[in-house]
Amino acid sequence: MQNTKIYKMAFASVYPHYVTKAEKKGKSKADVDTIISWLTGYDQKALQKQIDNKVDFETFFAEAPQINPNVSKITGVICGYRVEDIEEDLMQKIRYLDKLIDELARGKKMESILRK
């Protein structure tokens, strides 16, 4: 999985797509932010700062306060790859986020998405 171009892509350029995907399915921006916060440990203020500063994905995850210890419970296929089998740490984190947003858009309950 050699797609390091995404590492330098601004998180702020992808974030609106996450929100749009969720809103098309009747979910909210707050739901997206809850998922991002659960995964990364960013609070609302810190998340907004990352968006405003247009940090790339590499920086976004490097500066994340704490990756949730339950990420290993995120399994399944996203973009043709099993997230649990992705070896590159940063790519796996990006795909974890993609997977969680996808689950939200498919109507999964938040409790299930957040692996409670």
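How many of the 17 residues of α5 are buried? The answer is 16, so α5 is largely enclosed by the rest of the structure; buried here means under 20% relative accessible area, with exposed set at over 50% and partly exposed in between (1.4 Å probe, protein chains only). A word on the ground rules: this is a predicted model, in which local features need pLDDT of at least 70 and side-chain atom pairs count only at pLDDT 80 or more, while totals for chains, interfaces and linings use all residues. Residues are numbered from 1 along each chain as its sequence is written, and side-chain values use heavy atoms, with hydrogens and water left out.

Helix α5 takes in residues 89–105 and reaches 25 Å from its first C-alpha to its last, close to the 24 Å expected. That expected span is 1.5 Å times one less than the number of residues. Helices (H or I, at least four residues) and strands (E, at least two) are DSSP runs, numbered from the N terminus. Just past the end of α5, G107 has a positive phi of about 90°.

Now for α2, which covers residues 29–40. Buried residues in α2 are V32, D33, I35, I36, W38, L39 and T40. These pack against α1, α3 (44–52), α4 (57–62), α5 and α6 (110–113). As for the residue just after α2, G41 takes a positive phi of about 90°.

Helix α1 (residues 11–24) packs on α2 at an angle of about 125°, and their axes are 8 Å apart. Axes are lines fitted to C-alpha atoms, for helices over the stretch in contact, and angles run from 0 to 180 degrees between N-to-C directions. The pair is therefore oblique, given that under 35 degrees counts as roughly parallel, over 145 as roughly antiparallel, 65 to 115 as roughly perpendicular and the rest as oblique. On the α1 side the contact (heavy atoms within 4.5 Å) uses F11, Y15, Y18, V19, A22 and E23, which meet K29, V32, D33 and I36 of α2. By class, that makes seven nonpolar, no polar and three charged residues; Ala, Val, Leu, Ile, Met, Phe, Trp, Tyr, Cys and Pro count as nonpolar, Asp, Glu, Lys and Arg as charged, and the others, Gly among them, as polar.

In the other pair, the axes of α2 and α5 come within 10 Å and cross at roughly 145°. From α2, the residues involved are D31, V32, I35, I36, W38 and L39, and from α5 they are K93, Y96, L97, L100, I101 and L104. This contact divides into ten nonpolar, no polar and two charged residues.

D33 is buried, with a relative accessible area of 6%, and touches Y15, Q44 and L47, not counting residues up to four places away in sequence. K29 is partly exposed at 34%. Leaving aside neighbours within four places in sequence, K29 is in contact with Y15, V19, E23 and Q44. F60 lies 31 residues from K29 in sequence and 18 Å away in space, C-alpha to C-alpha.

Elsewhere, K73 sits in the loop between α4 and β1 (77–78) and is partly exposed, at 48% relative accessibility.
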